[in-house]
Amino acid sequence: MGSSTIFDDVLRTIQERRPKLLIPLVNEVFHEFYPADTEVTRLPEEYQKIISKVVADSCNKLDDKIYHFECQSRKDGNMILRMVEYDFMIALVDRCRYEDMERIKFPRSCVIYLRTTATMPDEETLEIEMPDGQVILYRVPVLKLRDYSTSEIFEKNLLILLPYYIINYEKKISTIAKDETRIRMLIQEYREIIERLAESTQNNESGTFQDILQMMRELVRYLLRKEPELKERMGDVMGGKVLPLPSDKLREEREAGLQQGISQSIFAVIETCQEYQATKEEATLKLVEKFSLAKEEALALVEEHWH
């Protein structure tokens, strides 16, 4: 599996295991005021079929509103096009009859960018020109990881972002690994983060601390993979043995030949392309884009499962 999906897996895992951690994120991005005990509802099966086809990262309902988050490792010129595609498909399921016409309601969506530049805008935008000449401006807010210090993460209870914090050190890792003073500073920082996490989750559901810590270990392990000594020392601080996450299973499936879960998502994309009368070439490019496959591998899958 392409490395970018590691970051996606963390968001999916959080929303599956600890959906209430989404509440502070929704409040931050959309300026809502949901209390911590708000029910976060997994969408019904008809939505899940759509989500599995477009491989959306997180889509849940709070009260009567649907919130859709996508986790993106870096700026992608096609992201706004994917977002309008995802949101339109979700909106079709949520359509309703209003007087004598159909009405669709788009979800409230956001892109979480993990690697950003100082010039990155605060929203993704797309102009949609309708047949009558009316132009609609489609806006999707952007949340940038670099904008949040650990202090702000804890103050705003944005614990869902905490596993990604190590990405802020990504460009400095090789330098840190050669400097004992910097190593100790990083280790001490993470000791303090873990202590504060333990304090912050005392009143949360049982297991919240361990689940977040486990996902922190997952990303630390991945980003420090080229510095084994530093990875080992950080692993000791964060609890030693790294327990398997769903992403471990997905990577094994990918390496073993795209079996079960990931293969089902791929087959669903191929099926959707056929439903919308896309060409094999278009379906191939869609698989390359969504699953980081080599074009030859994607084409082989399309040929095998096209009917």
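Predicted model: local features only at pLDDT ≥ 70, side-chain atom pairs only at ≥ 80, totals over all residues.

Visitor: Okay. Is Tyr67 buried or exposed?
Guide: Tyr67 has 2% relative accessibility, so it counts as buried.

Visitor: And what about Phe30, buried or exposed?
Guide: Phe30 comes out at 17% relative accessible area, which is under the 20% cut-off, so it is buried.

Visitor: How many aromatic pairs does the structure hold?
Guide: Eight. One of them joins Phe30 and Tyr67, with ring centres 5.3 Å apart.

Visitor: Why is the pair of Phe30 and Tyr67 called tilted?
Guide: The planes of the two rings stand at 55 degrees. Under 30 would count as stacked and over 60 as edge-to-face, so 55 degrees makes the pair tilted.

Visitor: Where do the two residues sit in the chain?
Guide: Phe30 is in helix H2, residues 22–30. Tyr67 is in strand S3, residues 65–72.

Visitor: What is the geometry of the pair of Phe30 and Phe69?
Guide: That pair is edge-to-face. The centres are 6.0 Å apart, with 65 degrees between the planes. This pair also runs between helix H2 and strand S3, with Phe30 and Phe69 39 residues apart. Both residues are buried.

Visitor: Which residues do ring pairs link into a cluster?
Guide: Phe30, Tyr34, Tyr67 and Phe69.

Visitor: Switching to charges. What sits over the ring of Tyr222?
Guide: The charged end of Arg225, 4.0 Å from the ring centre.

Visitor: Now helices. How do the axes of H7 and H8 cross?
Guide: H7 covers residues 180–200 and H8 covers residues 208–223. Their axes come within 10 Å and cross at roughly 155 degrees. Angles over 145 count as roughly antiparallel, so that is the label for H7 and H8. The crossing is right-handed.

Visitor: Which residues make the contact?
Guide: From H7, Tyr190, Ile193, Ile194, Leu197 and Ala198. From H8, Phe209, Ile212, Leu213, Met216 and Val220.

Visitor: Zooming out, how many helices and strands are in the protein chain?
Guide: There are 13 helices and eight strands. The chain has 307 residues, and 48% of them count as buried.

Visitor: What share of the contacts joins residues at least 24 apart?
Guide: 61%, among contacts between residues at least 6 apart in sequence.

Definitions and conventions:
Residues numbered from 1 in each chain as written. Heavy atoms only, no water. Phe/Tyr/Trp six-rings, centres within 6.5 Å; stacked < 30°, edge-to-face > 60°. Helix = DSSP H or I, 4+ residues; strand = E, 2+ residues; numbered from the N terminus. Buried < 20%, exposed > 50% of the residue type's maximum accessible area, 1.4 Å probe, protein only. Lys NZ or Arg CZ within 6 Å of the ring centre and 35° of its normal. Axes fitted to C-alpha atoms, helices over the stretch in contact; angles between N-to-C directions. Parallel < 35°, antiparallel > 145°, perpendicular 65-115°, else oblique. Left-handed = near helix turned anticlockwise from the far one by under 90°. Contact = heavy atoms within 4.5 Å.
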